[in-house]
Amino acid sequence: MQISTTEISTIVILATLIFLLAPTFLLLYIFVYNRRKKRHIEEKAQMKMIFDAELIKTQMEIQEQTMQTIGVELHDNIGQLLSLTSLTLNSIELDNPEKTRQKLDAAIELNLKSIKEMRQLGKLLHGEQLVKLGLDEAIRSEVNWIEKSGRFAVIYAVEGERSFTANTDKDLILFRITQEILNNIIKHSQAKEINIKLGYLDTGIRLQIIDDGAGFNVAELQEEQKGMGLKNIQKRAEIVGGEVFIQSQLGEGTCIDIFIPYP
Amino acid sequence: MNKVFSTNIIVELLGFVIAFVFLHKDNDKVWKSQVLYLLIVVIAESSGRYMIKGVHYKNNSWIYNLLLIAETFSLTLMFNNILNAFYKGKLFFYLGLILFTIVYLLELIAHGFYIYNSNCDTVMSVYYCTCCFFYYYFLLKEDGFHQLYHLAPFWWVNGVLFFYFGNIICDLFFSKFSKMPDFYLRYNIIQALIIILYICWSYAFICKYQQRKLAQ
């Protein structure tokens with residue numbers, strides 16, 4: 001069967017068009033892939049911006065918290081001690097040496113107490129720097145401060161050893177979460193005992209804080225959109241890829257479990 | 001006038017003019033060399049046409065054999081320049097030249113200088129298409145993204161891919177049909193491919209010019 005020139009021409013034209021579809025689709029694929037890469041880079045940059053902003057906010061909150069504590073301590077504690085010292089020295093009667101001796105001893109003791117409190121305050125100021133030295137040190141410093149008030153018995157344990165390189169940013173966020181939780185316990189829980197466990201795992205860090213306080217209804221708090229502190233804790237943990245589990249019931253205390261993946 | 005200029009040659013002449021306008025002050029010597037190459041193409045094509053239509057010579061294939069040398073040199077140099085952004089060294093340049101030299105010489109030995117080296121043309125077309133695929137592969141592999149609409153090498157490579165890919169198909173089909181009378185289909189297809197090539201190349205030259213202006 002002889003094929004005419006027209007038929008051959010049609011076949012050739014069709015075949016050429018079909019073959020030219022290959023480079024056309026290749027180019028289309030390249031355009032689409034390039035656009036996706038661009039979107040991915042932009043999303044990554046935005047996420048980094050959000051993370052950096054959150055980090056700065058965390059650092060500022062830690063500083064604010066520290067300043068607040070220092071302010072309260074200066075006013076309530078050291079201020080009182082120094083006022084008492086001043087009163088004691090003002091009431092000295094020079095013609096009564098024995099009573100003068102007693103009052104001077106009392107004034108010296110009050111002064112030494114003030115110096116001790118000032119040193120503690122100094123350590124607290126140093127607290128932010130402790131995060132850079134290690135999360136363990138920073139949390140221990142917070143624990144010491146809480147125990148000093150005498151209101152709480154704090155049991156702090158560290159399990160395991162860090163097998164990965166420290167990430168100061170994640171340490172800072174975890175430290176801030178710890179501070180937030182402890183603040184909540186002090187303000188709302190009416191607890192007597194606080195159990196803090198810091199565990200170093202192969203894949204990350206696990207922090208567990210249990211108190212024997214009044215507890216609360218977790219679902220109710222979330223429904224009524226109260227508990228900004230809790231929301232903040234969850235948000236901060238999510239930013240560094242972590243998870244937060246909160247277990248609490250009225251009258252039965254609270255257990256907060258946080259896992260942050262490292263590195 | 002018809003003895004010298006055909007649609008193809010007019011398109012090539014326009015391509016040369018655009019190349020000259022946008023590339024004559026370019027800092028990159030390889031891109032600038034495109035102006036010279038396109039001038040050689042216009043001269044060769046119009047001379048070839050004049051020889052047949054004007055003075056009625058029997059054979060103008062030797063002109064196209066000479067053009068093949070200029071084409072290979074220019075394209076391999078450009079590919080080496082473009083691919084250097086991803087792969088350092090002159091591998092693509094030397095590989096292209098070695099491949100061309102071997103096939104060209106074999107064909108010259110087989111049938112002399114006055115018959116067109118069509119096998120060499122086909123082999124080099126395959127080589128250019130391969131270089132195009134390498135370029136796209138390196139482009140996709142990169143972490144960053146590019147503004148493809150303004151990327152001069154991208155459009156230059158696109159033009160080459162469409163023209164030489166289509167050229168391979170034509171060579172495969174028309175080796176069977178070239179002896180058929182009144183069979184002008186190949187000429188029409190090549191014409192369409194040349195238009196696509198020069199549109200892409202002209203846009204590439206404009207993008208190169210814009211890139212130079214932004215860098216100043």
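A: A:Glu54 counts as buried, at 7% relative accessibility. Buried means under 20% relative accessible area, exposed means over 50%, and partly exposed lies in between (1.4 Å probe, protein chains only). The model is predicted, so local features need pLDDT of at least 70 and side-chain atom pairs count only at pLDDT 80 or more, while totals for chains, interfaces and linings use all residues. Residues are numbered from 1 along each chain as its sequence is written, chains are lettered from A and ligands numbered from 1 in the order written, and side-chain values use heavy atoms, without hydrogens or water.

The partner of A:Glu54 is A:Lys235. Their side chains meet in a salt bridge, 3.7 Å from N to O. This pair links distant parts of the chain. A:Lys235 sits in helix α6 (residues 228–239) and A:Glu54 in helix α1 of chain A, 181 residues apart. A:Lys235 is partly exposed, with a relative accessible area of 38%. A salt bridge here is a side-chain nitrogen of Lys or Arg within 4 Å of a carboxyl oxygen of Asp or Glu. Helices are DSSP runs of H or I with at least four residues, strands are runs of E with at least two, and both are numbered from the N terminus.

The pair belongs to a network. A:Glu54, A:Glu61, A:Arg176, A:Glu180, A:Lys235 and A:Arg236 are linked in it by salt bridges.

Other pairs lie within one helix. A:Lys48 and A:Asp52 form a salt bridge at 3.0 Å, N to O. They are four residues apart in helix α1 (residues 5–90), so about one helical turn separates them. A:Asp52 is partly exposed, at 30% relative accessibility. A:Asp136 pairs with A:Arg140, with the closest N and O atoms 3.4 Å apart. Both lie in helix α3 (residues 135–148), again four residues apart and about one turn of the helix. A:Arg140 is partly exposed at 36%. Over all chains, the whole structure has 11 salt bridges. Across the interface of chain B and chain A, the rule finds zero.

Now to helix α4. A:Ile177 is found there. It is buried at 2% relative accessibility. A:Ile177 is in contact (heavy atoms within 4.5 Å) with A:Ile233, A:Arg236, A:Ala237 and A:Ile258, leaving aside neighbours within four places in sequence. One of these partners, A:Arg236, is also in the salt-bridge network. A:Ile177 and A:Ile233 are 56 residues apart in sequence, yet 5.7 Å apart in space, C-alpha to C-alpha.

A:Gln179 is in helix α4 too, which spans residues 168–189. A:Gln179 is buried, with a relative accessible area of 2%. With neighbours within four places again set aside, A:Gln179 is in contact with A:Ile62, A:Gln65 and A:Glu142.

A:Gln190 lies in the loop between α4 and β2 (193–200). A:Gln190 counts as exposed, at 66% relative accessibility. Its phi is positive, about 60°, although A:Gln190 is not a glycine.

Along the sequence they follow the pattern α-α-α-β-α-β-β-α-α-β-β. Of the 263 residues of chain A, 38% count as buried. Among contacts in chain A between residues at least 6 apart in sequence, 69% join residues at least 24 apart.
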